[in-house]
Amino acid sequence: MKKRLLLLVAVTILMSACLTVTNMPPTLVPTIAINNSETTDGLSKNATAEPVSLAQETAVPIATLPPTNTLAPSPSATATEEPTSTHRSTPIWTATATLTPTAAIEPTATYWPTVTRQLLPEAISAGLPPCQTRVVDTELLAMVTQQFFLPETYVPPDLVPLSDYFDDSITLGQDLYARQAIIDPLQTIIEAMHEAGLRPSIISAYRSYSEQALAWKWWSGQYPGRVAILSARPGYSEHQLGTTIDFGSPAIDNLFHVDFANTVEGVWLTNNAHLYGFTLSYPANTYGITGIKYEPWHFRYVGVNLATQLFNSGQLLTSWQLENLSPPCIP
Ligand SMILES: [Zn+2]
């Protein structure tokens, strides 16, 4: 009798367990969560990746190139660059009541910085093409932000090899390209640096959409948790314009590193680049406006007048563009 009772209890427990399993709702089945909130770049995203800033650089995966934050950052590139709620930019078209972003487009803990990302009001977006098919302004001021990206198909019209104009001591033997439109000012600024006794290099120039995509993939494989601070998504890099140069210094082995700001080449560029038409796109502590961390090596050619105006006023190129140019496309 006791034996039968025990058997009955055992059967009841077993049935109960089976029911539990068969009735388990599908949502309890362990799955790999993927963040699909932003898929325009077509790149896989890791749900565990933290929302961190988006560096513009490192398109050329050089084996010896360490991530920029493996070395101690200089005092000018401290944690104060981290995005905070007070750092949100306010592009000009959010200034009126009708253009205020709604709660649905507030920054969230998504994979990519969303500091300037927002829905355009219908009155502004009407008639604009999606950024995937935007026509890019080749008059040097085209807006490329973390909101207004470049089409995959965009290639600047007048790319030339830098090896036609500079020797290997400048290009470091790399196969670099830039727009013909910036060759003269680029030669002039490098000559001026030589005359000042400096030894500048060009560590990166034009990058195609696909090169940027490859770089992103490479870096995401090497540093999956930190790819967002080591490489830009394809389409979101000013380098695709062909008018942006990353300068290097032998003092830091021509690496992408915030210590470039403390080299003689970096100091000279900080103080003089505007005289030759180049502007520092991503100064220290401007993440909240640009969505990109401090890049003391990254200069974009915009012409002497605007570069000087920006230098004297302290205004960022991104801010100037948002205030003075019409949105080029629907993000
Ligand atoms: Zn750059």
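A nonpolar core, as I use the term, is a set of buried Ala, Val, Leu, Ile, Met, Phe, Trp, Tyr and Cys residues joined through C-beta atoms within 7 Å. Buried means that 20 or more other C-beta atoms lie within 10 Å of a residue's own, with C-beta atoms placed from the backbone.

This is a predicted model: local features need pLDDT of at least 70, side-chain atom pairs count only at pLDDT 80 or more, and totals for chains, interfaces and linings use all residues. Residues are numbered from 1 along each chain as its sequence is written.

Now the overview. The protein has 10 helices and six strands. These are DSSP runs, numbered from the N terminus: helices are H or I with at least four residues, strands are E with at least two. Of the 331 residues, 39% are buried.

On to the cores. The largest one holds 36 residues, and Ala-178 and Ile-202 have the most contacts inside it. Helix H4 (183-195) gives the largest share, four residues. Among the other elements giving two or more are strand E3 (201-204) and helix H9 (304-313). What does Ala-178 touch? Its partners include Leu-159, Ile-183, Tyr-206 and Ile-245. Contact here means C-beta atoms within 7 Å, placed from the backbone. A second, separate core has 13 residues, including Val-144 and Tyr-236.

Last, the sheet. It is open, four strands, order E3-E4-E6-E5, antiparallel. Two strands pair if DSSP finds at least two bridges between them. E3 and E5 each have a single partner strand, so one side of each lacks a neighbour in the sheet. E3 and E4 pair over three bridges. Ile-202, from that largest core, stands opposite Phe-247 in E4.

How values were computed: Buried ≥ 20, exposed ≤ 12 C-beta atoms within 10 Å, placed from the backbone. Contact = placed C-beta atoms within 7 Å. Lists of a residue's contacts leave out its neighbours within four places in sequence.
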